[in-house]
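Colleague: I am new to this one. Please show me the structure, and then I will ask how you know what you say about it.

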Amino acid sequence: MKIKCVLIDDEPLAIKVLENYFTNFTDFEVIATFTNSLEALDFINSTVVDAVFLDINMPMMTGFELISLIENKTKVIITTAFREFAAESYDLDVLDYLVKPIPLPRFIKCINKITTEYNLKNNIKVETAKGDSHIFIKVDKKMMKINIEEILFVEGMKEYIKVVTPDKTYITHKSLTSLSEELPQDRFLRIHKSYVIALNKVKSIEGNRVQIQSYNIPIGRNYSKEVKNKILE
C-alpha cells in the first residue's frame, strides 16, 4: 500500500519541484495538488491522506490556519521560504519543516520520517535501531531504495561510494562519511578510511583484514584497536 500525499502551495513551480522529487519514491503517491487552501481543506477532511506538504503563506487562509482546521491526524510537513516560523510550526505538531529551495538530501530525510510514522501508525515492524529500514541513494538519476539489512559494506572511491549487497552493487556520487551517518551506529563500523562494514555480516577476522562473504576487507592501522574490540567483544 502506498503512502498517500497531498501538496498545497500557491506557487505551481513549487508543487512541480516536489512532484518531480516524488517520482523517485515508489512507496509514495501524490493523490492531489492544490493552490487553493479551502479546496485543499475540504479534500483532506473527506479523503484518507497520510501526509500533507503545506506552504505557510497561502492566500485566503494561511498554512497555520489550515492546520488548525484539519479534522483527522494527517501528518503535516511545512514547506516555506522562511526559517523564522519553525518554532511556531512545531507547536502545532508538524512532522517536519522544509525551507525552500528544498535540497533533495533534505527531502529524503523527510521521506524517511514519513515512512517511520506510517509504519508506526499501521503497526508495520521495522528492525533497525534508527527506526528506518532503508536508505535512498541516487544511481543513474534515479533514487534507489536499499534495505539496510542487506548492506554488506560500503567502499569509498574518491568522489563516489560503492554500496555492496549480496545481490547487487550500487555506485553513487556521495561521501563515505555522509552515508555512514545515515546508518545505525550500533550495526555499522568504519574500519578503514575507505570502508564501512556491517558488523553482523563479518565472517572472520585475521590479521589486518575482515572477511564478509567472499570479500576480504582491510582494516586501517588507525582503526585496528577499535575494530577488534568491537567485533570481538
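Colleague: How far apart are the mean positions of the positive and negative charges of the chain?

Modeller: They are 11 Å apart. The chain has 31 positive and 32 negative charges. Keep in mind that this is a predicted model.

Colleague: What makes up the chain in terms of helices and strands?

Modeller: The chain holds 7 helices and 15 strands. Its C-alpha atoms fill a box of roughly 70 × 35 × 35 Å along the principal axes.

Colleague: What share of the residues in the chain is buried?

Modeller: Of the 233 residues, 46% are buried. The accessible surface is about 13,000 Å². Carbon and sulfur atoms own 50% of that surface.

Colleague: What share of the contacts with a separation of 6 or more joins residues 24 or more positions apart?

Modeller: That share is 49%.

Colleague: Why is His192 called buried?

Modeller: The relative accessible area of His192 is 17%. Buried means under 20%. The value falls under that cut-off, so His192 is buried.

Colleague: Where is His192 found, and which residues is it in contact with?

Modeller: His192 is in strand E11, residues 188-192. Leaving aside neighbours within four places in sequence, His192 is in contact with Pro218, Ile219, Gly220 and Tyr223.

Colleague: Why does Gln185 count as exposed?

Modeller: Gln185 has 55% relative accessibility. Exposed means over 50%. Therefore Gln185 counts as exposed. Its place is in the loop between helix H6 (176-180) and E11.

Colleague: How far apart are Gln185 and Ala198 in sequence and in space?

Modeller: They are 13 residues apart in sequence. In space they are 9.8 Å apart, C-alpha to C-alpha.

Colleague: Why does Asp42 count as exposed?

Modeller: Asp42 stands at 57% relative accessibility. The cut-off for exposed is over 50%, so Asp42 counts as exposed. Asp42 is in helix H2, residues 37-44. Asp42 and Phe25 are 17 residues apart in sequence. Their C-alpha atoms are 27 Å apart in space.

Colleague: Why does Asp93 count as exposed?

Modeller: The relative accessibility of Asp93 is 58%. Exposed means over 50%. So Asp93 counts as exposed.

Colleague: Why does Gln213 count as partly exposed?

Modeller: Gln213 has 40% relative accessibility. Buried is under 20% and exposed is over 50%, with partly exposed in between. The value lies in between, so Gln213 counts as partly exposed. Gln213 also has a positive phi, near 50 degrees. Its place is in the loop between strand E14 (209-212) and strand E15 (215-218).

Colleague: How do you know that the peptide bond from Lys100 to Pro101 is cis?

Modeller: Its omega is near -10 degrees, and the bond is cis. Most peptide bonds are trans. Pro101 sits in the loop between strand E5 (96-99) and H5.

Colleague: What lines the largest pocket?

Modeller: The lining has 13 residues. Nearest the centre lie Pro105, Ile108, Lys138, Met143 and Lys174. The volume of this pocket is about 220 Å³.

Colleague: Which elements supply at least two residues of that lining?

Modeller: Helix H5 (104-121) and strand E6 (134-139) each do. H5 gives the most, with 4 residues.

Colleague: How many cavities of 30 Å³ or more does the structure hold?

Modeller: It holds 1. The largest cavity has a volume of about 40 Å³.

Colleague: Which residues line the largest cavity?

Modeller: Leu7, Ile8, Asp9, Ala14, Ile15, Leu18, Phe53 and Thr79 line it. Strand E1 (3-8) and helix H1 (12-22) each supply at least two residues. The largest share comes from H1, with 3 residues.

Technical notes:
Residues numbered from 1 in each chain as written. Predicted model: local features only at pLDDT ≥ 70, side-chain atom pairs only at ≥ 80, totals over all residues. Heavy atoms only, no water. Buried < 20%, exposed > 50% of the residue type's maximum accessible area, 1.4 Å probe, protein only. Contact = heavy atoms within 4.5 Å. Areas by Shrake-Rupley, 256 points an atom, 1.4 Å probe, with all protein chains shown as cover. Lys, Arg positive; Asp, Glu negative; His and termini not counted. Charge placed at Lys NZ, Arg CZ, Asp CG, Glu CD. 1 Å grid on protein atoms, 1.4 Å probe; cavity = no way out; pocket = protein on both sides within 12 Å on 5 of 7 lines; lining within 4 Å. Points joined across faces, edges and corners; volume = space filled by probe spheres on them.
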